[in-house]
Every structure is written in structure tokens, then in C-alpha cells.
Amino acid sequence: ISANLQLAHVPSDQILRVRVEVATQEVAELTFSRSQAKHLMNAQVASSAEAARLYELMVPAEEEQEIASDPAAAAAEYAHLYDQHLLFTWRVPGTHARPLNPTQAQRIQLLEDVLSTRILAKQRLV
């Protein structure tokens, strides 16, 4: 996939122009006035602050530090819980898999919230 992004700033007109080409012959052009760009930047800052606030509600700092202190152990724990979940969900013959109990379900959710998607994807393939 090819992508081309061109930005142009015209200070005299207080305009920011954005031109985007993404793997097609079609071109999208956007023109922002200075005030619109300021509003977009303020919205982005507010959105980032809200995302950080919500993340703190989802993931207690001490638990995040515990997981981050040994990511290999956390990844192994996630792999074990995920395997147990799949064995129960798919009802694999010859296994005596049980559903995750509430504590395990909460833990796997926490691990999914803290660990990077790359680590999660790797553990799901193992």
C-alpha cells in the first residue's frame, strides 16, 4: 500500500492544506483555517487526557507496574488463561476444560488492557 501525505501552510491566509493520496488515483484535499486547526488540536488534547483518565480507571497503577516488571511471566500467564478459555469455548474432545472463573476472567481482561497487542497476538499463536 502506498500513501502520500502533503501538508502546506499558508501563513498569509492562515490556512493549513492537507492532501492525501492512498493507493488509488483519487486524491482527498482538506483545507483548515487557523481557528479550525486550533479547535482540532484542542479536541485531540482533550481526547488524550480523557483516554489517560479512563485507562487509569481500567488499570490500577500498581497492577500495571507488576505486569510491566515481568512481561515474559505476564505473557505466559495470558497464554495459559487464553488456552483455557479456547479449550472451553471450542469444547475440545478429550479435555476437561472449565470456563474461566470470575477472578481469571478479570485477570485476562487486565492482561489484555496492559500488554501490547504484539505480545497478545504472539501468545495467541503459540
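**Salt bridges in a predicted model**

Let me start with one pair. Glu112 and Arg124 form a salt bridge, with the closest N and O atoms 3.1 Å apart. This pair links distant parts of the chain. Glu112 sits in helix H4, and Arg124 sits in helix H5, residues 117-125. The two are twelve residues apart. Glu112 is partly exposed, at 26% relative accessibility. Arg124 is partly exposed too, at 40%.

A reminder: this is a predicted model. Searching the whole structure turns up six salt bridges. I will show some of them.

Stay with helix H4, residues 102-114. Which residue does Arg107 pair with? Its partner is Glu77, in a salt bridge of 2.9 Å, N to O. Glu77 belongs to helix H3, residues 71-90, and Arg107 to helix H4, so the bridge ties together parts 30 residues apart in sequence. Is Arg107 buried or exposed? Arg107 is buried, because its relative accessible area is 18% and the cut-off for buried is under 20%. Glu77 is partly exposed, at 29%.

Arg19 and Glu29 meet through their side chains in a salt bridge, 3.3 Å from N to O. Arg19 lies in strand E2, residues 15-22, and Glu29 in strand E3, residues 27-33, so this pair joins parts ten residues apart in sequence. Arg19 has 29% relative accessibility and counts as partly exposed. Glu29 has 53% and counts as exposed, because exposed means over 50%.

Conventions. Residues are numbered from 1 along each chain as its sequence is written. This is a predicted model: local features need pLDDT of at least 70, side-chain atom pairs count only at pLDDT 80 or more; totals for chains, interfaces and linings use all residues. Side-chain values use heavy atoms; hydrogens and water are left out. A salt bridge is a side-chain nitrogen of Lys or Arg within 4 Å of a carboxyl oxygen of Asp or Glu. Helices (H or I, at least four residues) and strands (E, at least two) are DSSP runs, numbered from the N terminus. Buried means under 20% relative accessible area, exposed over 50%, partly exposed in between (1.4 Å probe, protein chains only).
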